[in-house]
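Welcome, and please take a moment with the sequence and the 3D view before reading on. The briefing below is meant to be read alongside them.

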Amino acid sequence: LKPVQWPYWAISIVANGAKAGANYLLKRGIPAELANFYGIRYSTERRAIMFPVHSGDLLYGWQYRTIDQTRYLTDAGIVETTKAWSSKDLPKNKVFMFANRLINSNHAVITEGPLDALKCHGFGGNVAAMGKEVGAAQVKTILRHGIKYVYSGLDPDAFAELDPLLKKLGEEVRVYKVDIPIREGVKDLGDLSLEESVRVINNSSPVLPGRLYVWMKPLEV
């Protein structure tokens, strides 16, 4: 993996010029102080949040999230533009976003995107897989950190029935499924408050060896 540097126009989320980005995050339930804790930046050039992908002290890239409207009604009909995109050569299937949250943690909460992961801050061990699948390198990261409990906070449509997950993670790792509340306006953890996300994770359902509804793609043995 090749580390990268922040471009000069990527400014701190608490800088005066980043107020538009900070306000966007606040509307999504993420205060500026918490965003700054995660090293989140803002691009005035692209009017987008920049979520960093670190491992240790090294930066491997970032994901953008526009703060502008992405759905428009035109004479030709509804037009949608890109909401999120990644920096060049971001190794999404090899590292977790916010991977440093696994340090000294005995559990991991795996989500799809950055907002989902941020909402799990109070529970700890919160990382984003940056997609619906967790790759082999990411599984090795979990095992290398000595994680004993894995909570799947991936979106409901990310699940596939695979067999057996426990052989991939090891017999000492227990797996739980985070059950997202069913109500209007809630699709994933990112739609919950910081407090409710922790309550939901605490009420997660254990995944039984006989019926493993998991999110990981098959790994070669």
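Predicted model: local features only at pLDDT ≥ 70, side-chain atom pairs only at ≥ 80, totals over all residues.

**Overall picture**
- The protein has 221 residues, and 48% of them count as buried.
- Its secondary structure is made up of 6 helices and 14 strands.
- If you take the contacts between residues at least 6 apart in sequence, 64% of them join residues at least 24 apart.

**Nonpolar cores**
- The largest nonpolar core holds 24 residues, and Leu25, Ile40, Ile49, Phe51 and Leu118 have the most contacts inside it.
- At least two residues of this core come from each of helix 1 (19-27), helix 2 (32-37), strand 3 (48-55) and helix 3 (114-119).
- A second, separate core has 17 residues, including Phe96, Ile142, Val175 and Val207.

**The largest pocket**
- The volume of the largest pocket is about 460 Å³.
- It is lined by 21 residues, of which Arg65, Lys83, Gly113, Asp116 and Asp188 are the closest to its centre.
- Strand 4 (58-66), strand 7 (84-86) and helix 3 each give two or more residues to this lining.
- Sorted by class, the lining of the largest pocket comprises 9 charged, 7 nonpolar and 5 polar residues.

How values were computed: Residues numbered from 1 in each chain as written. Heavy atoms only, no water. Helix = DSSP H or I, 4+ residues; strand = E, 2+ residues; numbered from the N terminus. Buried < 20%, exposed > 50% of the residue type's maximum accessible area, 1.4 Å probe, protein only. Contact = heavy atoms within 4.5 Å. Core = buried A, V, L, I, M, F, W, Y, C linked by side-chain atoms within 4.5 Å. 1 Å grid on protein atoms, 1.4 Å probe; cavity = no way out; pocket = protein on both sides within 12 Å on 5 of 7 lines; lining within 4 Å. Points joined across faces, edges and corners; volume = space filled by probe spheres on them. Nonpolar A, V, L, I, M, F, W, Y, C, P; charged D, E, K, R; others polar.
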